[in-house]
Amino acid sequence: MAKATYDRKEQFQQIQSGLLNGEQIIAVYDAIGTGTGFIGLTDRRVIIQDRSFVGKRFAITSIPYAKITSVSVVSNKSWGGSFFSTGAIAIHVGAHTYEVEFRGAEKSHHVHNVILHYIS
């Protein structure tokens, strides 16, 4: 298995501490903007740190790939340029959508492609 990529070691270690038996980390990326702290991708699920709870509380949410209905590239521009000109994606799980914004389009591209691989 290829070595996992990550932005911040403490986020990687937080994901690592909650792995299931035999589960492998693919990537852990820091998120920017309000609400999301980071996103982790394993060979079994997507793990999102959600900081949007009242009182400085946060949740670590695990989303099995089988529950994800679609993944979107989010942009505030028209589609005149590159498909991955933005650094944001949206993960659709039933009626809920998790939006994650990254520093750099290459991270959103990687996350999008990994999720698409596991849900298709």
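**Notebook: helices, sheet and cores**

I started with helix H1. The buried residues of H1 pack against S1, S2, S3 and S4. This is a predicted model, and I read every entry below with that in mind.

**Entry 1: the buried side of H1.** Which residues of H1 are buried? I found Gln11, Phe12 and Ile15. Why do they sit on the same side of H1? They span an arc of only 100° around the axis, which puts them on the same side of the helix.

Entry 2: Next I traced the strands. Five of them form an open sheet in the order S1-S2-S3-S4-S5, and the pairing is mixed. Strand S1 (5-6) and strand S5 (59-64) are the edges, each pairing on one side only. Helix H1 (residues 9-17) packs on this sheet and touches S1, S2, S3, strand S4 (45-50) and S5. The direction of H1 makes about 135° with that of S2. Helix H2 (residues 105-119) also packs on the sheet, touching S1, S2, S3 and S4. For H2 the angle with the direction of S2 is about 140°.

**Entry 3: strand pairs.** I then went through the bridges. Strands of a sheet pair through backbone hydrogen bonds, either parallel or antiparallel. Strand S2 (residues 25-30) and strand S3 (residues 36-42) run antiparallel, with five bridges between them. Which residue of S3 is the bridge partner of Val28? I found Gly40 there. On the S4 side, Gly40 has Ile47 as its bridge partner. S3 and S4 are antiparallel too and share five bridges. A hairpin of two residues connects S3 to S4. Six bridges link S4 to S5, again antiparallel. In that pair, Gln49 stands opposite Ile60 of S5.

**Entry 4: how covered is S4?** I checked how many of its six residues are buried. The count is six of six. Both faces are covered. Arg45, Ile47 and Gln49 lie on one side, and Val46, Ile48 and Asp50 on the other. I note that charged Arg45 and Asp50 are among the buried residues.

**Entry 5: the cores.** The largest nonpolar core holds 21 residues. Ile39, Leu41, Val46, Ile91 and Ile115 have the most contacts inside it. Which elements give it two or more residues? They are S2, S3, S4, strand S7 (88-93), strand S8 (96-101) and H2. Leaving out residues up to four places away in sequence, Ile39 touches Ala27, Val28, Tyr29, Val46, Ile47, Ile48, Ile91, Val100, Phe102 and Val111. Another core lies apart from the largest one and has seven residues, including Ala4, Ile15, Ile25 and Ile47. Ile15 is also one of the buried residues of H1, and Ile47 belongs to S4.

**Entry 6: Arg51.** My last stop was the loop between S4 and S5, where Arg51 sits. Is Arg51 buried or partly exposed? Its relative accessible area is 44%, so I logged Arg51 as partly exposed. Arg51 and Thr36 are 15 residues apart in sequence, yet their C-alpha atoms are 5.5 Å apart. Beyond its neighbours within four places in sequence, Arg51 is in contact with Gly33, Gly35, Thr36, Gly37, Arg57 and Phe58.

Conventions: Residues numbered from 1 in each chain as written. Predicted model: local features only at pLDDT ≥ 70, side-chain atom pairs only at ≥ 80, totals over all residues. Heavy atoms only, no water. Pairing = 2+ DSSP bridges. Helix = DSSP H or I, 4+ residues; strand = E, 2+ residues; numbered from the N terminus. Contact = heavy atoms within 4.5 Å. Axes fitted to C-alpha atoms, helices over the stretch in contact; angles between N-to-C directions. Core = buried A, V, L, I, M, F, W, Y, C linked by side-chain atoms within 4.5 Å. Buried < 20%, exposed > 50% of the residue type's maximum accessible area, 1.4 Å probe, protein only. Arc of directions from axis to C-beta.
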